[in-house]
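Hi everyone, thanks for coming.

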Amino acid sequence: MSAITTHILDTSLGKPAAGVPVKLDLRVDGEWVRVGTGITDDDGRIKDLLRSDFEFKEGQYRIEFAVSEYFDKLKTESFYPYVKITFSVRDTGSHYHVPLLLNPYGYSTYRGS
């Protein structure tokens with residue numbers, strides 16, 4: 001399992017959001033650099049978001065969820081084409097789990113375990 005993981009729960013259905021494309025970036029010298037990608041599994045999770053060759057380091061990270069693709073597949077109108085969550089890593093010995101609670105017109109997030 002990578003040091004950064006995520007999962008998405010579609011709160012409008014009470015089910016995991018499967019098949020959502022996700023990108024992970026790290027801010028380096030003022031620019032965002034891609035350090036991982038994935039697609040949520042049937043349980044709405046991505047356990048190996050970081051590239052296997054990536055050296056985990058402190059800094060600002062950003063996860064981008066392509067949520068419009070998910071809602072389009074469900075034939076459900078939605079408001080946000082994507083959700084971007086930016087967070088800080090201060091301890092590379094810790095695990096960072098960043099869940100997304102999603103519905104067609106809103107979302108929330110938190111640091112999970």
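Let me begin with one term: a nonpolar core is a set of buried Ala, Val, Leu, Ile, Met, Phe, Trp, Tyr and Cys residues joined through side-chain atoms within 4.5 Å. Please also keep in mind that what you see is a predicted model.

With that term in hand, let's go to the core. The largest nonpolar core here has 27 residues. Those with the most contacts inside this core are Ile-4, Tyr-61, Ile-63 and Phe-65. Which elements give two or more residues to this core? They are strand E1 (4-10), strand E3 (21-28), strand E6 (59-65), helix H1 (67-73), strand E7 (83-89) and strand E9 (100-103). Of these, E7 gives the most, with four residues.

Now let's zoom in on Ile-4. Leaving out residues up to four places away in sequence, Ile-4 touches Leu-24, Leu-49, Leu-50, Phe-56, Tyr-61, Ile-63, Phe-87 and Tyr-96.

Start with strand E8, residues 96-97, which pairs with E1 in the parallel sense over two bridges. Here Ile-4 comes back, because its bridge partner in E8 is Tyr-96.

E9 also pairs with E1 in the parallel sense, over three bridges. On that side, Asp-10 stands opposite Leu-102.

Then there are the antiparallel partners. Strand E5, residues 45-46, pairs with E1 over two bridges in the antiparallel sense, and His-7 stands opposite Arg-45 there. Strand E2, residues 15-16, is also antiparallel to E1, with two bridges. Asp-10 turns up again here, with Lys-15 as its bridge partner in E2. E1 and E2 form a hairpin with four residues between them. Take a look at Gly-14 in that turn, which has a positive phi of about 70 degrees.

Let's step back to the segment before E1, where we find Ser-2. Is Ser-2 buried or exposed? With a relative accessible area of 11%, Ser-2 is buried, because the cut-off for buried is under 20%. The Ser-2 side chain reaches the backbone oxygen of Ile-4 at 2.5 Å. Apart from neighbours within four places in sequence, Ser-2 is in contact with Lys-47, Asp-48, Leu-49, Leu-50 and His-95.

A quick stop at a glycine now. Gly-38 is in strand E4, residues 31-39. Its relative accessible area is 19%, so Gly-38 also counts as buried, given the cut-off of under 20%. Setting aside residues up to four places away in sequence, Gly-38 touches Val-20, Pro-21, Val-22, Ile-46 and Leu-49.

Last topic: charges. How many salt bridges does the structure hold? There are five, and I'd like to show you some of them.

Please find Asp-25, which is buried at 2% relative accessible area. The side chain of Asp-25 meets that of Arg-34 in a salt bridge, at 2.7 Å from N to O. Arg-34 is partly exposed, at 37% relative accessibility. Asp-25 also forms a salt bridge with Arg-62, at 3.0 Å from N to O. This second pair links distant parts of the chain, with Arg-62 in strand E6 and Asp-25 in strand E3, 37 residues apart. Arg-62 counts as buried, at 15% relative accessibility. Put together, Asp-25, Arg-34 and Arg-62 are linked in a network of salt bridges.

And here is another salt bridge to look up: the side chains of Asp-53 and Arg-51 meet at 3.0 Å, N to O. Asp-53 is exposed, with a relative accessible area of 59%, while Arg-51 is partly exposed, at 39%.

Methods:
Residues are numbered from 1 along each chain as its sequence is written. This is a predicted model: local features need pLDDT of at least 70, side-chain atom pairs count only at pLDDT 80 or more; totals for chains, interfaces and linings use all residues. Side-chain values use heavy atoms; hydrogens and water are left out. Buried means under 20% relative accessible area, exposed over 50%, partly exposed in between (1.4 Å probe, protein chains only). Contact means heavy atoms within 4.5 Å. A polar contact is a pair of N or O atoms within 3.5 Å; within protein, one must be able to donate a hydrogen and the other to accept it, and residues adjacent in sequence count only if both atoms are side-chain atoms. A salt bridge is a side-chain nitrogen of Lys or Arg within 4 Å of a carboxyl oxygen of Asp or Glu.
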